[in-house]
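I set out to look up how the elements of this chain pack against one another and where selected residues sit. The entries below follow the order in which I worked.

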Amino acid sequence: MQSTLIKTESAHAKAQPLHPLIISTAYFFGVALLLAASALAIHFEVIRYNGNIGENSLIEYLQEGYLLITASLFAAVAVKQREQRGFALLVSAFFSIILIRELDSLFDQIQHGFWKYPAWILATVAISYALSHKETSIKPLTNYIRHKSYGLMLAGIATLFVFARIYGMGDLWQGAMQENYLRSVKNLAEEGVELLAYSLIVFAAAWYCIPELFRQNK
């Protein structure tokens, strides 16, 4: 009897989840390492190319890479978890459209502003699917809003669409540098903030999606 009780307690101890402090520390170091890598990319860009940020810069490639990873993670969730398909497809399409917009110079080789056409098609397909499959869209979206990663995702999106846009306004940097104004400095600051936003977004996406990809359907 005592042996059985000891075995039961031992199994229960093994089944207990990690301490929240350990988990939060792991998340902190994870996002810190990602942000450090992004910051080092900016340093490398400045030292190697004197801060002239162009379409073929390392910063641009990282931004596009983070977007591709984010869109792919949610697309994978849409494939793996059928009960979340409408929601995950909608989120994947959202970030795919941002990626298409970032690649506008590539689409401009076809026709100026051509990026809008694949973006509209993708948005139409994703929204139509989500609306016609509300059972896999509304409830999963509500559950996602309650997930701990949602706050970080929200912060990343707000940084990208609000802070980076205001921070990167030419008037601000012309006023700060006066007659020494350099557009390359303004571009570096704006693209650096955007890279920060994309770093937060891709980490938040991985935080939510990776456990969902390994979760077994009931």
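**Entry 1: α4 and α8.** I began with helix α4 (residues 85-102) and α8, which pack at an angle of about 30° with their axes 14 Å apart. Because of that angle, α4 is roughly parallel to α8. I noted the convention for these terms: angles under 35 degrees count as roughly parallel, over 145 as roughly antiparallel, 65 to 115 as roughly perpendicular and the rest as oblique. The axes are lines fitted to C-alpha atoms, for helices over the stretch in contact, and the angles run from 0 to 180 degrees between N-to-C directions. I recorded the crossing of α4 and α8 as left-handed; this term applies if the near helix is turned anticlockwise from the far one by less than a right angle, whereas clockwise is right-handed. On the α4 side the contact is made by F94, F95 and I98, and on the α8 side by M153, I157 and F161. Sorted by class, this contact of α4 with α8 has six nonpolar, no polar and no charged residues. The classes put Ala, Val, Leu, Ile, Met, Phe, Trp, Tyr, Cys and Pro under nonpolar, Asp, Glu, Lys and Arg under charged, and the others, Gly among them, under polar.

**Entry 2: basis of the model.** I noted that this is a predicted model, in which local features need pLDDT of at least 70 and side-chain atom pairs count only at pLDDT 80 or more, while totals for chains, interfaces and linings use all residues. Residues are numbered from 1 along each chain as its sequence is written, and side-chain values use heavy atoms, with hydrogens and water left out.

**Entry 3: the chain as a whole.** I found 10 helices and zero strands in the chain; both are DSSP runs numbered from the N terminus, helices being H or I of at least four residues and strands E of at least two. Of the 218 residues, 35% count as buried. Buried means under 20% relative accessible area, exposed over 50%, and partly exposed in between, with a 1.4 Å probe and protein chains only. The accessible surface comes to about 13600 Å², and 67% of this belongs to carbon and sulfur atoms. The areas come from the Shrake-Rupley method with a 1.4 Å probe, and for residues only the protein chains shown count as cover. Among contacts (heavy atoms within 4.5 Å) between residues at least 6 apart in sequence, 74% join residues at least 24 apart.

**Entry 4: α8 and α10.** I then took helix α8 (residues 149-167) with helix α10 (residues 183-214): their axes come within 8 Å and cross at roughly 165°. α8 is therefore roughly antiparallel to α10. α8 passes α10 in a left-handed crossing. The contact of α8 with α10 has, by class, 18 nonpolar, three polar and three charged residues.

**Entry 5: two glutamates of α10.** Is E194 buried or exposed? E194, in helix α10, counts as buried because its relative accessibility is 5%. Beyond neighbours within four places in sequence, I found E194 in contact with Q63, E102, L160, A164 and R165. E190 is also found in helix α10 and counts as buried at 13% relative accessibility. With residues up to four places away in sequence not counted, E190 touches A164, R165 and G168.

**Entry 6: A130.** A130 lies in helix α6 (residues 116-132) and is buried, with a relative accessible area of 7%. I found its C-alpha atom 6.7 Å from that of L90, although A130 and L90 are 40 residues apart in sequence. L90 is among the contacts of A130 outside four places in sequence, together with G86 and S137.

**Entry 7: partly exposed positions.** A76, in helix α3 (residues 58-80), is partly exposed at 28% relative accessible area. The C-alpha atoms of A76 and E212 are separated by 9.5 Å, at 136 residues apart along the chain. L172, in helix α9 (residues 170-177), is likewise partly exposed, at 44%. Residues up to four places away in sequence aside, L172 touches I166 and Y167.

**Entry 8: Q178.** Where does Q178 lie? I located Q178 in the loop between α9 and α10, where Q178 is exposed with a relative accessible area of 52%. The phi of Q178 is near 55°, a positive value in a residue other than glycine. Most residues other than glycine have a negative phi.
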